[in-house]
Amino acid sequence: MAWRNGFRESGPGTDFNAAVNRMHKGTEWMQRAVEGGTGFWARTSQWLTGIVQSVPAKNLSPFEGARLGTMGAELKELHREQAAFGKELKNALEVLGAALRSETEQRPTSTDGPAAAQHELRVRLAIVEAWAAEESPRKSFKLDRAAQRQIRAQLAQAGHQVPESVYTKAFSSKLSLTTLEDWATKSMGKKEKENDPLQLGAGFLDTFRDHIEHARAHARGTSAHLKSDGGYDELRDICHLALQTEGVQFSHERQRGMQGGLMFNLATPLAEVGVNVGPVSRYTKGRRATVRIGTTTIGSDIFLGTEKRSAKMFGVAATAGIEMAQAAKSVLAAGAAAVLRHTRDNSEGSGVSIRVSKTVKDGRDVAERVIDFLSLQSRPQTRTPSGAEFWERFSAAFINEEVAVIAVGTHNQKRRTGGGVGAGARVAVKPTTFGPFLSAGVDWARSLTQRREKGHTTSETSSRDSRTTLSARGTLAGTAVAQLDLQGETALKSVRMPAVLTGASANMDIDLSGSQGQVRLTIENGRVQAKLSLAQRI
């Protein structure tokens, strides 16, 4: 199977070993996502461990992102959830309607109780029946005027003279699942008393509440989310769901960095003028693990990869300020700032794509079996200890299937050089300051992206982008410093709290110039495939 996929050598540093090890690592990512623990303390422990592991950027698990769902791509699943919600809500409405109907039959006249309570009961029953009659039941809404007129006519035709105050109270309430629970409790008795005032049978209220809880769960639409206690089967089903879309991506990134700078104050002849200038630098390094699952125009694709990234920034900043006027407790000041910076951002990535072409018969089913295989190999009882044993099992399972295994490598370079100037004014009224600041700058950015896919078909893609951008920003901000003055003969006279920044800003970016070019070379069976290659400039 390795030969069929274009791999001619194996061993440390080869494309074959890189692809197999990445597939094996994917099963470890599944295991970490499922067996991370549940409950408050387990999640807190994971959070604290993640902070420590951010330094070496290890133990990533992109499948953790499945707890957020497939980010809106699960529309088919949401439609199924909506249908299930409607079914459970209708069942709950039928149970409640039977209870209200039984109560009205046992208390047919107002002589058995307060007249207002009897009228309120009849209006509630009419509302429940109208709600259940809807083709697609909904929640959290108010009856429209047409439905209100229909209920009024229905009760009037039955000879019930319902006061307008009862209608007003009932129609002004929002119809929600909580409203139904409240009506059910009043009609069927509280659960803890375990009574059955209407002789409706044991467990009648419990049955109603079960339908409500199921409806509430379906309304949340969380079946496409990995729950805190979710297992391997649930994660596998989410991957199957992602396979039905054009692509769902889960990522997990950890990075560390350091920023530092120096500032020198330059003396000036005027005491009220201050000038500061100095360098500033920032260094960031990290790793990202990515899983992307989906079906595009060429077929189904399961990608597992990691990327190492490092970014460096160096700049020089200068500020100048002058005090323009001063009163008893207020100061008017003006200032200006300038900055020049250069950023270098590099990343190297490697991964594997498991693809099933759209020309393969029942290709979607084959891709789902690949996901089933990865899920099975991630479980402790069947997990393989090494990539070599994993490949033996994978090749044995799919030796007769048209499954392509492709080693993927990426290289990205980004360079950004820019600078800007700004000026503003500020009024200081102790302990607050407030004022506008305007700035503008020009950035020149250029990037190089390379992607190499090695398998039965070898493809290399390189793209370059260059862009010059003019940026402008206006900010209206203020600070408030809280100060507590201590009374008495103490060494500590006052305590100042950290400043709180508040404000609003507006940005505008204008592309002054830009260009983009892309080249792709595809080789299959030792020959360049012109139809799959391209060269273009934008």
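Predicted model: local features only at pLDDT ≥ 70, side-chain atom pairs only at ≥ 80, totals over all residues.
View 1. Residues are numbered from 1 along each chain as its sequence is written, and side-chain values use heavy atoms, with hydrogens and water left out. Helix 1 (residues 15-34) and helix 9 (residues 232-243), both DSSP runs (H or I, at least four residues), pack at an angle of about 120° with their axes 10 Å apart, the axes being lines fitted to C-alpha atoms over the stretch in contact and the angles running from 0 to 180 degrees between N-to-C directions. Met 30, Gln 31 and Val 34 in helix 1 meet Tyr 232, Leu 235 and Cys 239 in helix 9, where contact means heavy atoms within 4.5 Å.

**View 2. Helix 1 also packs with helix 10 (residues 363-377), their axes coming within 8 Å and crossing at roughly 65°.** That angle makes helix 1 roughly perpendicular to helix 10. Met 23, Thr 27 and Met 30 in helix 1 meet Leu 374, Ser 375 and Gln 377 in helix 10.

**View 3. The largest pocket is lined by 27 residues.** Ile 298, Arg 355, Ile 406, Glu 453 and Thr 457 lie nearest the centre of this pocket, which is an open set of points on a 1 Å grid where a 1.4 Å probe fits, with protein on both sides within 12 Å along at least five of seven lines, and whose lining residues have an atom within 4 Å of a point.

How values were computed
Helix = DSSP H or I, 4+ residues; strand = E, 2+ residues; numbered from the N terminus. Parallel < 35°, antiparallel > 145°, perpendicular 65-115°, else oblique.
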